[in-house]
Every structure is written in C-alpha cells, then in structure tokens.
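Hi everyone, thanks for making time.

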Amino acid sequence: MKQANISDFCALEDKEYLSKVKEFFKDKKHTYFVETYGCQMNVRISQTLAGMFQEMGYVPAESKEEADAVIFNTCCVREGAEDRLLGNLGKLKQIKKKKPEMLIMVCGCMVQEQGSAEKLKKRFPFCSVLFGTHNVHEMPKLMFSALTKGERQVSVWEKEGDIVENMPALREKEASAFVNIMYGCNNFCSYCIVPYVRGRERSRRSEDIIAEVRQLVKEGKKEITLLGQNVNSYGKNSDEISFPELLRELNKIDGLERIRFMTSHPKDLSDQLISAMAECEKVCKYIHLPVQSGSNRILKLMNRHYTREDYLLIVKKLREKMPDVAISTDIIVGFPTESEQDFEDTLDLYKQVCYNSAFTFVYSKRIGTPAEKMEEQIPAEITKDRMARLIALSEECCLRANEKYLGRTLEVLVEGVSKKDESLVFGRSDCGRMVTFSGCACLTGKIVKVKITSVKLNTLIGEME
Ligand code: SF4
C-alpha cells in the first residue's frame, strides 16, 4: 500500500503549500477547540486534528465559545450523538453572529454519511469547512482556503484513499496512547453504518506501527491501545503479518509495559490470538468482545457470522489459557423482531459469561443499513423494560467480578488526581478496572502496586503497597 505524509498531501497543488499555510497562520495566536463524539477511533482522529492545529500555530482555547476555530468531529453510529451535535451547533450560531470571523467546522462520520455538498450546505449553513472521514489530512488546506478566499470549503472523498502516515498528533495522557493499526470495516453488520462511512478495511504496515510505538515509548509512554474496528482481521487481504504476530513483535519493544487492543470481532478471534495474549507478558489480560445478542436467530439477522455456542466456546478457551482474563462486551437491546425468548437468551448468555462490564445500547435505526428496512421494530416501552433487566444483571455480575479482586494486589497505571477528592489518585489495572487510592499527583504516569481493600460498581478501592 502506498503511504504518504501530511506534507505530500498538503502540497498536491503547490509544492510550497504547507509552508504557505504555516506562514499564513504564524504569529496569529489563534485559538482552537476540538469537540469529539463517538468512539475511541474518533478520539484518536481528534488528537490528529489538534496536532494539525498546533502545527499551524494555533493554541488551545478554554471553551468552544471563546475559540477562533471550532471543529466538531462527528459520529453517526447512534442518534444521540447527532442530536447533541445539532444542539451545540445551534448555540455557536448565536456566538458567530457577534463574532463573524469565527471558523466553525464539521468533519467525520456525519459529514461522510450526508454525502453531497448540497445537502451538507443546507444542513450546516454557517459552517465554513466540512470534510469527511477519508480526507482528515486536508484540514489545513481547507481552513487556509476558507480564510483566504472567504468561501465555504466542502470536501468529502467518496472512497478511502491511501493511508496517510506521519500526521502530527496531540496525545494528552502522560503514559498511554492510542495507536491505529487499521481503518474501515468489511463486516456489514446489518445495524451498523460504519462500513458505509469509514470505507473498506485497510491495515497499516506493521513496520510503521512498530516505529510509531517505539517513538511513543521514547516520549515516555508505557501503555498503548491498538485500535481498529476489528483488530482480529488486521493484515488480512494484504501481505502483512497477522494480528497475533503483530502483538508478539510489539511485545519485544523495550520500555513498553502494556499492550491493549480493541475491538475484537468474535468471528475472527483465532486460537493463535488467545495464545499470543496468554504468552506475551505485556499484553493485558483483558478483552472487549462484543456479543450484541445471545439469540442465534438475532445474531443471524445482525449478520454477525457466529452463534452463541461459538461465542461461549471462545470464552471457554480464553479462560482456559488465562483464568484471570477480564471480559467486557457490547449488547444491543430491541433489535428488530427481538422476542422475549431472544432477550431471555441474551440474559442467559450474560449469566454464563458473567462479564466484568458491558456497554448496553438500545437499538438505534440507521438510515441506509439493512436493519432499517426490517419490519417489526420493537416499541420503546418494551426495550425500556428489557434494558432495565439487562442493566440489573450486568451490575450484579460486575460487582461479583469486582469482589474477586478483594485482597489482591494489582498493578495500576496512574492517570491523575481525582477531581472529587485531591487526596486520591486513579488509574487502570492490567485487567482494565478503574482503581482509586490515596496518593499524590507525582504518581501520574507510573505503574504502582495497589492492594484492593473494597469495591464499588465502577471502581476498585485500594492502598498502595
Ligand atoms: S464489525 Fe460490525 S459493528 Fe463493528 S464496525 Fe464493523 S459493521 Fe460495525
């Protein structure tokens, strides 16, 4: 796969383009604000947006209301994120009336989904720059054009292009970082809009990933989280190494202490991956494994390509090799045609796995997906009742799973001081649980041993050893 860097792309029309852009923004001390909706992939993209702003000489603003340039990095996976975006845009419209030079920009999945420039212009009348998921690297060029020509800039590439390497990124956490290993998705789960807005699967070259991780370690990062819509299919359809092999390569990097990854599609979770997880000491013994439903009928309608039996077998294999492995999941409640029996099957599977935690969602109809056209959408009062039952079960399992850590000593990577109580610090254990204990800010970025003395639903509480 051909790779390029940000300078190459910005300089497509003019070899001096990037320096022109930089020169234009130099010394202006403009401020920026990035607002992110959606998943970790979007969080990672926002780090690139912030990195590009800073490379142009922009400095962070305290709030979006005060900023000279605001960008909304959008999500269209669920309706809620769309509603929040539209509410926020409405508020900024009033501010822009008093501050006409303010640059309001929208990018990401929602822009990609809307497609045509005409639709976008109508929907976002006061936004100066709009771009899709495939051309994030164009932001400096589009801003420059919007400001110098005084014209609105819309750029939505219909198809994914080459992976752009060497983009700047502003990673705020002291000791941990997200690293993309692939983009897009080929799975077309029947409820999901992602393959339509993020394009087909493309894996980064392993040598680029390894070089990025080495560089992050040099900068002081101890933990990396590898990101992809389905990391288990990394390297497929290319001459790259497989995902388990990538984990083994990263495990060799001196100075790196923890490797996490998400998300894993159960249909692609191989025995080789389970062995790599068990044998690589830096790979955290934690996996996020979305099941979505415990009913074979619904799984088929969802186009998930596994059965509940396949899923339970994977969980068995994971626990055989790693008895302590923590498992979390995603579950959709109220998928079209979901019967009481289908839902009972989900509860039953949940009890059998007894997850450490779960992200539970009410099915959200997405225009353009096969599930949108399925008859028998489930009424809100039924999904509400099912959701309440699922949450009660997930809380019970979570507490039970947390209680297993009582009296044990966990290694915790400290993220910072608690906002509620300055005498406490918080961080994540190897098994992905949030842990709080007495300590000072000086522990931030360090891995310390903490003995767990009590547990709550979302937190383990302990004492530093
Ligand atoms: S695996 Fe399925 S749910 Fe996940 S991004 Fe791809 S299509 Fe969506």
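So, how close do the axes of helix 14 and helix 15 come, and at what angle do they cross? Before I answer, a word on the model: it's predicted, so local features need pLDDT of at least 70, side-chain atom pairs count only at pLDDT 80 or more, and totals for chains, interfaces and linings use all residues. Residues are numbered from 1 along each chain as its sequence is written.

Okay, the answer: the axes of helix 14 (residues 340-353) and helix 15 (residues 380-403) come within 10 Å, crossing at roughly 5°. Helices here are DSSP runs of H or I, at least four residues, numbered from the N terminus. The axes are lines fitted to C-alpha atoms over the stretch in contact, with angles from 0 to 180 degrees between N-to-C directions. That makes the two helices roughly parallel, a label for angles under 35 degrees. Who's touching? Contact means C-beta atoms, placed from the backbone, within 7 Å.

Now zoom out. The chain has domain 1 (4-155), domain 2 (164-403) and domain 3 (409-464), with bounds from an automatic or database domain assignment. Taken over C-alpha atoms, the centres of domain 2 and domain 3 are 25 Å apart. Across that boundary, 17 residues of domain 2 are in contact with eleven of domain 3. And helix 15 is back: it gives the most to domain 2's side, with five residues.

Methods. Angles under 35 degrees count as roughly parallel, over 145 as roughly antiparallel, 65 to 115 as roughly perpendicular and the rest as oblique. Two residues are in contact if their C-beta atoms, placed from the backbone, lie within 7 Å.
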